[in-house]
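Here is a friendly walk through one protein model, written for someone meeting it for the first time. Take a look at the sequence and the structure, then read on.

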Amino acid sequence: METCHYRNSSERLVILRCIGAEAYFLEKVIFPFEDWCFQAPIDADVELWTHGLGGAELLERFDAGSLVQALGT
């Protein structure tokens, strides 16, 4: 598990879903301009969702490794 950091730099609420091996699942609503630190496997998939006119919309998908914080930051 690695420490990850995500900042919602948009003006919209997003839902962050982190899905990894061995039934790892994490979901969090993140408000505009909010920072969130969490523990996740480095190879877990991260999805960012929002609500649009037609329902839930997938905004972006990437690996949790791209959110890993360097020591001392």
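How many bridges join strand β2 to β3? Seven bridges join strand β2 (residues 14-20) to β3, and the two strands run antiparallel. Strands here are DSSP runs (E, at least two residues), numbered from the N terminus, and two strands pair if DSSP finds at least two bridges between them.

A word on the model first. This is a predicted model, in which local features need pLDDT of at least 70 and side-chain atom pairs count only at pLDDT 80 or more, while totals for chains, interfaces and linings use all residues. Residues are numbered from 1 along each chain as its sequence is written, and side-chain values use heavy atoms, with hydrogens and water left out.

## The four-stranded sheet

The strands β3, β2, β5 and β6 form an open sheet in the order β3-β2-β5-β6, with antiparallel pairing. Because β3 and β6 stand at the edges with a single partner strand each, one side of each is left without a neighbour in the sheet. From one strand to the next, the twist averages 20 degrees; axes are lines fitted to C-alpha atoms, and angles run from 0 to 180 degrees between N-to-C directions.

On to the next pair: β2 and β5 are joined by five bridges in the antiparallel sense, and I15 has W49 in β5 as its bridge partner. W49 also stands opposite L58 in β6. Eight bridges join β5 to β6, again antiparallel, and a hairpin of two residues connects these two strands.

Strand β5 (residues 45-52) also holds T50. Is T50 buried or exposed? With a relative accessible area of 3%, T50 is buried. The cut-offs, with a 1.4 Å probe and protein chains only, are under 20% for buried and over 50% for exposed, with partly exposed in between. The side chain of T50 reaches the backbone oxygen of L13 at 3.1 Å. This is a polar contact, that is, a pair of N or O atoms within 3.5 Å; within protein, one must be able to donate a hydrogen and the other to accept it, and residues adjacent in sequence count only if both atoms are side-chain atoms.

Strand β1 (residues 2-7) is joined to β4 by six bridges, and the two run antiparallel. Y6 is found in β1, and its bridge partner in β4 is W36. Y6 is buried, at 12% relative accessible area. Although Y6 and Q69 are 63 residues apart in sequence, their C-alpha atoms are 9.6 Å apart in space.

Along β4 (residues 35-40) the side chains alternate.

## Salt bridges

How many salt bridges does a search of the whole structure find? The search finds three, where a salt bridge is a side-chain nitrogen of Lys or Arg within 4 Å of a carboxyl oxygen of Asp or Glu.

| Salt bridge | N to O distance |
|---|---|
| R7 and D35 | 3.0 Å |
| E27 and R17 | 2.4 Å |
| R61 and E47 | 3.1 Å |

R7 forms a salt bridge with D35. R7 lies in β1 and D35 in β4, so the pair ties together parts that are 28 residues apart in sequence. Both ends are partly exposed: R7 has 39% relative accessibility, and D35 has 40%.

The side chains of R61 and E47 also meet in a salt bridge. This pair links R61 in β6 with E47 in β5, 14 residues apart. R61 is exposed at 53% relative accessible area, whereas E47 counts as buried at 11%.

V29, which lies in β3 (residues 24-30), is partly exposed at 36% relative accessibility. Beyond β6 (55-63) comes the segment that holds S66. S66 is exposed, with a relative accessible area of 54%, and its side chain reaches the backbone oxygen of D63 at 2.8 Å. S66 and C4 are 62 residues apart in sequence, yet 8.3 Å apart in space from C-alpha to C-alpha.
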